[in-house]
Amino acid sequence: MKKIIRFFLYHRVVTAILLIFIIAGGIYTAPFNWNTGFFPRNTVPVDAIPDIGDNQQIVSCEWMVQ
């Protein structure tokens, strides 16, 4: 671990380039509606929070009133 930290401390250009690629990858896959214009987008779909309550069904029918 010390060697990795030392590598990134001494090679700041490599660290900056890697940081730019990580940020660009985050923008590329962000699920938000950002209008970047200059940068292509391939958003990751975000699903809704699942309902973990009891399963229910709604039945709609006509009721004959006398």
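1. A nonpolar surface patch of about 630 Å² is formed by M1, I4, I5, L9 and Y10. Patches consist of residues with over 30% relative accessible area and no salt bridge, with nonpolar side chains (Val, Leu, Ile, Met, Phe, Trp, Tyr) joined within 5 Å and like charges within 9 Å. A salt bridge is a side-chain nitrogen of Lys or Arg within 4 Å of a carboxyl oxygen of Asp or Glu.

2. This is a predicted model, in which local features need pLDDT of at least 70 and side-chain atom pairs pLDDT 80 or more, while totals for chains, interfaces and linings use all residues. Residues are numbered from 1 along each chain as its sequence is written, and side-chain values use heavy atoms, without hydrogens and water.

3. L9, one of the patch residues, lies in helix α1 (residues 2-10). Its relative accessibility is 56%, so L9 counts as exposed (over 50%; buried is under 20%, partly exposed in between; 1.4 Å probe, protein chains only).

4. The protein has 2 helices and 0 strands (DSSP runs numbered from the N terminus: H or I of at least four residues, E of at least two).

5. Of the 66 residues, 3% are buried. The protein exposes about 7200 Å², with 64% supplied by carbon and sulfur atoms (Shrake-Rupley method, 1.4 Å probe; for residues, only the protein chains shown count as cover).
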